[in-house]
Amino acid sequence: MKWLVTGANGKLGRAVVETLLKTVPADRLAVSVRDPAKAEDLRAKGVEVRQGDFDRPDSLDKAFAGVERILIISTDGDNETRIRQHTNAVEAAARAGVRFIAYTSLANAGASRLFLAPPHQAAETAIFKTGIPYSILRNNWYLENELSTVQAVRQGAPWVTSAGSGRVGWALRREYAEAAANVLSGDGHENTIYELSGRPLTQDEFVAIVGEVLGREVPVRHVDDETYANIMRQAGVPEAVIPFLVGIQQGIREGNLDVKSDDFAKLLGRPPTPVREGLKELLGIG
């Protein structure tokens, strides 16, 4: 039996593989990466490294050959590109005769209005159409996504947000990876959809925890989207990135990441790490 993880040169994919290697023989694992040279450390551990490009279906046919179970890691890029890439990967998995597909999706993807949702909705639909047993891993938000802002706050900046009272289910990337590894290597996950979310928190609740971790009060500045964009612009954020950041704030405000679920604990066998402890881990605070 051969299991394969795509995108293993990315942070999440690499974390999944490293987790699997703790309990699974390396010769059972394969990875599909665009640049095999960047995965030489995995090859040295006995993992089979295959070249696969989501923009080249012929390369995926070769990369997925002989694979029984696959974890498709969602890609980066604009929505049109991601929809094409995700569809290519799912169709290639079907052509290869894969017997189980796991896919890293987005929180509440089926109903989400977040601008990031369409590529995940397309991927989920493509997977359902194959008729292959599946597990959809609807990841909420990585705590690591906030690290640069937390570091700025640590240097005295206020927390600026236009997300209002919207809640987010932050959790550590390594635990999303662990959940994915457990699904790929475990039994009984056929035709499941897991909502993987930490305890949903508002911006004010999150920042209060940041303040506790840093040992001081952190001011929160609530603004509208236009003001938020201008503040990001003044802070030196590239103009091309600003619509993305504003879109995230809007999506949070509209409740798209406010998901309550115990699925994470089911897959981990324990509750996910609380935000307070996760921040301490990321900041290196004992």
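Ground rules. I am working from a predicted model, where local features need pLDDT of at least 70, side-chain atom pairs count only at pLDDT 80 or more, and totals for chains, interfaces and linings use all residues. Residues are numbered from 1 along each chain as its sequence is written, and side-chain values use heavy atoms, with hydrogens and water left out.

**Gln51**

I found Gln51 in strand E3. Helices (H or I, at least four residues) and strands (E, at least two) are DSSP runs, numbered from the N terminus. I then listed what Gln51 touches, leaving aside neighbours within four places in sequence: Val33, Arg34, Pro36, Arg56, Ser59 and Ala63. Contact here means heavy atoms within 4.5 Å. The Gln51 side chain also reaches the backbone oxygen of Arg34, at 3.1 Å. I checked Asn230 too: its C-alpha atom is separated from that of Gln51 by 42 Å, and the two residues are 179 apart along the chain.

**The sheet**

I traced an open sheet of seven strands with parallel pairing, in the order E3-E2-E1-E4-E5-E6-E10. Two strands pair if DSSP finds at least two bridges between them. E3 and strand E10 (192-196) stand at the edges with a single partner strand each, so one side of each has no neighbour in the sheet. From one strand to the next, the twist averages 20 degrees. Axes are lines fitted to C-alpha atoms, for helices over the stretch in contact, and angles run from 0 to 180 degrees between N-to-C directions.

I looked at the E6 and E10 pair next: they run parallel and are joined by five bridges. Arg138 stands opposite Glu195 in E10.

Two helices went into my notes here. H5 lies across strand E5 (100-106), E6 and E10, running at about 160 degrees to E5. Helix H7 (residues 173-185) packs on the sheet and touches strand E1 (3-6), strand E4 (69-72), E5, E6 and E10, its direction making about 155 degrees with that of E4.

**Salt bridges**

How many salt bridges does the structure hold? I get 23, taking a salt bridge as a side-chain nitrogen of Lys or Arg within 4 Å of a carboxyl oxygen of Asp or Glu.

Glu124 and Arg138 meet through their side chains at 2.7 Å, N to O. Glu124 lies in helix H5 (residues 117-130) and Arg138 in strand E6 (residues 134-139), so the pair ties together parts that are 14 residues apart in sequence. Glu124 is buried at 3% relative accessibility, and Arg138 is buried at 11%.

Lys45 and Glu18 form another salt bridge, at 3.0 Å, N to O. Lys45 sits in the loop between helix H2 (40-44) and strand E3 (48-51), while Glu18 is in helix H1 (residues 11-20), 27 residues apart. Lys45 is partly exposed at 43%, and Glu18 is partly exposed at 27%.

Back to Arg56, a contact of Gln51. Arg56 forms a salt bridge with Asp58, with the closest N and O atoms 3.5 Å apart. Arg56 is partly exposed at 36%, and Asp58 is partly exposed at 43%.

Last entry: I noted a network of salt bridges linking Arg174, Glu175, Glu178, Arg270 and Glu281.

Conventions
Buried < 20%, exposed > 50% of the residue type's maximum accessible area, 1.4 Å probe, protein only. Polar contact = N/O pair within 3.5 Å; in protein donor to acceptor, adjacent residues only side chain to side chain.
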